[in-house]
Amino acid sequence: MKKISRLIVAAVLAAFYLATILWWSAAPSDAGSAEARSRPTANRPGPDPQLPAVADPTGALMPPDSPTSPDAVERVVAQGTILDSRIEKEGKGNRWKRLRLVKTDVQPRLVRVVEQWQFDPMTGKADCLRREMFLADQLILQSRHGGNRKQLQQELQSAGMTVISTIAEGTYTVRLPTADLDSIPQALHYLAGHPDLVESAEPDGVGFGSGTPNDPFFAEQWGLQNTGLAGGTVDADVDAPEFWDIVGNTPGVVIAVLDSGLNFTHPDLLGIEWINPNEVVGDGLDNDASGKVDDVRGWDFVNNDNNPTDDHGHGSNVTGIIAANRDNNQGIAGMLKGSKILVCKILNASNSGLTSNLIAATTYARQRGVPVMNLSLQSYPFSSSLNSEFSACATAGVILSICAGNQGVNNDTTPNYPSSYPQQNIISVGNHSRNDVRWSGSFNPSNYGLASVDLFAPGRDILSPILGSSYSTYTGTSQATPFVTAVCAALKYANPSWKAAQIKSSILASAITRASYSGLCVTGGRLNAVQALSHAFRQTPTLDTDGDQYPNLFEYLAGTRIDSGLHRPEISATTNEGFLQIEMPRVIRPDASLQVEMSLDLISWSAGSVVDLSTAETLLGRLDISGLPRVFLRIKATANP
């Protein structure tokens with residue numbers, strides 16, 4: 001049989017790794033590069049001759065750019081000026097490419113925005129699969145002449161191109177004579193015709209700082225990102241921006257907050273409440289047989305009605321830490337986006353509540369199937385009935401995140417309820433300051449306990465919404481607890497089958513230990529959201545939360561998010577001059593790693609013959625394929641010991 005030269009890229013999911021496999025057949029190669037799970041470039045279909053090459057098939061169906069979008073490129077375009085735009089057909093089917101020339105505030109020169117859109121003719125909806133931004137008049141070029149910049153400039157002058165700077169040996173930035181939608185592709189076409197001059201060329205992309213939201217008070221939220229302001233200790237925080245880079249949204253997770261209610265009309269809290277799907281609004285009936293009539297958005301256990309509106313502010317402050325709307329150009333950023341809050345009002349306008357209402361609310365939330373509860377409550381007397389209800393929560397696998405209390409005492413010797421109940425599904429949370437120490441000041445000093453307090457979280461001067469449209473800083477273990485609650489919910493989202501035991505294990509095992517917490521809590525440390533996710537991923541290395549065929553552990557190392565199939569690792573594979581190579585952007589992590597391995601039979605794998613040419617930002621493995629009939633490569637994700 002005649003050998004056919006080709007390059008096939010496919011993804012294989014196996015225990016403890018995601019393998020990207022390349023097959024090479026010995027023959028003159030015409031193979032190009034392709035993303036994982038796609039056909040080779042040479043086999044990709046061309047434009048459909050029955051459809052126009054340039055058209056706008058949707059008109060008003062393409063949604064307008066939003067200045068509050070979580071996508072940084074979309075936000076920039078929405079706030080900029082679009083100078084030119086066109087849509088081109090891309091392959092067969094209903095995929096199109098939109099190109100736009102934009103003047104923005106983020107770069108001094110014009111940018112070229114490239115978007116890939118998928119249109120559904122049945123629904124008329126359009127979804128943007130990818131947005132990328134580039135300078136409209138600049139390339140990154142690698143010369144075949146190595147470091148001879150003068151010679152390169154002389155040869156580019158005839159095309160009006162100018163070498164601007166040397167990035168690395170033989171690699172330069174090149175300015176184009178014009179900045180429009182066609183400047184980049186025309187320049188790349190010209191350079192492709194001069195292989196003796198150019199090793200490679202690509203447009204100069206525009207990126208953004210990781211995870212920083214546009215909420216105006218974000219800089220004051222030291223618990224999310226501590227930059228050392230006001231005498232704080234740099235990085236004494238939960239690493240929220242890095243956390244959002246991994247899991248930006250947690251849809252489908254419901255969190256019960258048992259507190260003074262919620263300010264439903266606060267601009268930063270709009271739409272975060274859980275809506276009871278089994279209740280008919282305003283019909284005066286108990287449709288879901290919960291014992292509560294029209295409990296559409298929770299329940300007020302204080303006044304026994306269906307309006308759990310906050311009349312104190314404590315509940316709104318606590319809830320805002322968990323779920324205040326992020327990236328909405330308003331106020332603060334909450335830890336989670338997409339989760340919903342089951343509001344259980346058990347504290348009155350004086351911020352006090354009854355044990356009976358606490359029991360009733362806990363039972364109500366458990367019966368609604370809520371997996372995570374926040375109880376920023378202290379100084380309750382011991383109750384055997386509440387103890388029984390907490391045991392029922394433990395049996396159901398519900399995690400209870402409870403504040404340790406604000407008396408500055410040792411809970412080992414002076415129990416503080418409800419955090420001091422013995423159930424193993426309870427996480428007891430103390431309060432640390434921006435200085436990375438237990439808060440022990442005169443106002444609301446944090447309780448502690450080597451056996452009874454699990455860990456600390458940010459709790460001093462925590463800004464969050466209250467009543468009206470206002471914000472206020474609160475101090476206490478009440479504010480530390482919702483940070484832990486949010487991470488518990490994120491772990492539940494990443495591992496839907498997990499119960500309280502697994503969630504608590506990852507929270508405690510990942511705490512950042514410090515001498516300042518030694519002897520004061522079980523872990524000797526404080527909460528870290530990223531480390532908690534990492535620990536969870538390493539326990540379930542093959543789990544793929546967003547269903548894009550890349551496990552969470554792999555995406556954690558590739559620097560892509562686990563909450564959206566649109567955020568997938570960008571893997572490319574090429575054959576060139578007798579070598580086969582595979583590369584991918586990566587993030588170096590201390591607790592897991594990526595490695596390129598080879599196999600001749602898909603059974604035995606080894607990294608032995610693969611040359612590692614990786615940089616800090618890119619994983620790159622190269623293999624000499626001379627004399628090999630065929631060979632397979634894979635990228636393996638492994639949890640470090």
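A residue counts as buried under 20% relative accessible area, as exposed over 50%, and as partly exposed in between. The model on screen is predicted.

**Stop 1**

Select Phe382. Its relative accessible area is 46%, so Phe382 is partly exposed.

Turn to the two rings. The centres of the Phe382 and Tyr417 rings lie 5.4 Å apart and the planes stand at 70 degrees, so this is an edge-to-face pair. Phe382 sits in the loop between β13 (372-375) and α7, while Tyr417 sits in the loop between β14 (399-403) and β15 (426-432). The pair links distant parts of the chain, 35 residues apart.

Together with Phe382 and Tyr417, they form one aromatic cluster.

**Stop 2: helices α6 and α7**

Select residues 355-367 for helix α6 and residues 384-396 for helix α7. The two helices pack at an angle of about 15 degrees, and their axes are 10 Å apart. An angle under 35 degrees counts as roughly parallel, so α6 is roughly parallel to α7. Their crossing is left-handed.

To see where they touch, show these side chains:

- from α6: Leu358, Ile359, Thr362, Thr363 and Arg366
- from α7: Ser385, Leu386, Glu389, Phe390, Ala392, Cys393 and Ala396

Colour them by class, and the contact of α6 with α7 divides into 7 nonpolar, 3 polar and 2 charged residues. Phe390 of α7, one of the contact residues, is also a member of the aromatic cluster from the previous stop.

**Stop 3**

How many aromatic pairs does the model contain? The count, for ring centres within 6.5 Å, comes to 11. For another of them, select Phe217 and Tyr471. Their ring centres are 5.2 Å apart and their planes meet at 90 degrees, so the pair is edge-to-face.

Phe217 belongs to the loop between β9 (198-205) and α4 (240-246), and Tyr471 to strand β18 (residues 471-474), so the pair ties together parts of the chain that are 254 residues apart in sequence. Phe217 is partly exposed because its relative accessibility is 29%. Tyr471, with a relative accessible area of 18%, is buried.

**Stop 3: Gln539**

Finish at helix α10 (residues 529-539), where Gln539 is found. Its relative accessibility is 43%, so Gln539 counts as partly exposed.

Note on methods:
Residues numbered from 1 in each chain as written. Predicted model: local features only at pLDDT ≥ 70, side-chain atom pairs only at ≥ 80, totals over all residues. Heavy atoms only, no water. Axes fitted to C-alpha atoms, helices over the stretch in contact; angles between N-to-C directions. Helix = DSSP H or I, 4+ residues; strand = E, 2+ residues; numbered from the N terminus. Parallel < 35°, antiparallel > 145°, perpendicular 65-115°, else oblique. Left-handed = near helix turned anticlockwise from the far one by under 90°. Contact = heavy atoms within 4.5 Å. Nonpolar A, V, L, I, M, F, W, Y, C, P; charged D, E, K, R; others polar. Buried < 20%, exposed > 50% of the residue type's maximum accessible area, 1.4 Å probe, protein only. Phe/Tyr/Trp six-rings, centres within 6.5 Å; stacked < 30°, edge-to-face > 60°.
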